[in-house]
Amino acid sequence: MAAQKVEIMVTTTGSSGSASGSSGAAVPVGAIVRKYYLDFHASAPGTTDTTIKALGSPADETLVTHTNSATDGWFHPGAQVDDESAAAVTGAYAPHVLHGGILSVDIAQCDALTDAVVATFYLEV
């Protein structure tokens with residue numbers, strides 16, 4: 001499999017502490033999210049919420065939500081594994097598979113900023 005780098009920049013609009021924004025990028029269906037880096041604007045407040053989603057049919061899926069944080073960093077997400085009775089398996093995670101071809105980053109509770117966050121994803125395709 002090959003690696004693919006995808007950058008998503010989100011600009012926020014609105015009032016201080018309640019500005020929001022969203023942006024997305026087309027990605028190959030079936031791509032796996034291996035890791036990502038969040039690079040926040042220097043003026044982004046600590047109240048900033050970031051939600052990363054895989055959009056598409058049959059339904060959108062929230063991959064991860066960062067609450068009340070504007071701290072830059074690397075993240076290695078995983079989906080909780082379920083057993084045959086649909087119960088969560090403690091401590092077991094699997095990579096996120098992007099099923100609909102769109103990766104989305106939403107920002108809330110921020111200030112109005114150009115490039116409030118630049119999210120850089122590394123996918124396995």
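Student: How many positive and negative side chains does the chain have, and how far apart do the centres of the two sets lie?

Tutor: The chain has 4 positive and 13 negative side chains, with the centres of the two sets 9 Å apart. Lys and Arg count as positive and Asp and Glu as negative, leaving out His and the chain ends; each charge is placed at NZ of Lys, CZ of Arg, CG of Asp or CD of Glu. This is a predicted model, in which local features need pLDDT of at least 70 and side-chain atom pairs pLDDT 80 or more, while totals for chains, interfaces and linings use all residues. Residues are numbered from 1 along each chain, and side-chain values use heavy atoms, without hydrogens and water.

Student: What about secondary structure?

Tutor: There are zero helices and eleven strands (DSSP runs: H or I of at least four residues for helices, E of at least two for strands, numbered from the N terminus).

Student: Which residues have the most contacts inside the largest nonpolar core?

Tutor: They are Ile8, Leu98, Leu103, Val105, Phe121 and Leu123, in a core of 26 residues. Such a core joins buried Ala, Val, Leu, Ile, Met, Phe, Trp, Tyr and Cys residues through side-chain atoms within 4.5 Å; buried means under 20% relative accessible area with a 1.4 Å probe, protein chains only.

Student: Which strand gives the most to this core?

Tutor: β3 does, with five residues.

Student: And what does Phe121 touch beyond four places in sequence?

Tutor: Its contacts (heavy atoms within 4.5 Å) include Ile8, Val33, Ile52, Leu103 and Val105.

Student: How much of the chain is buried overall?

Tutor: Of its 125 residues, 36% count as buried.

Student: What does the C-alpha trace span?

Tutor: About 45 × 30 × 25 Å along its principal axes.

How values were computed:
Buried means under 20% relative accessible area, exposed over 50%, partly exposed in between (1.4 Å probe, protein chains only).
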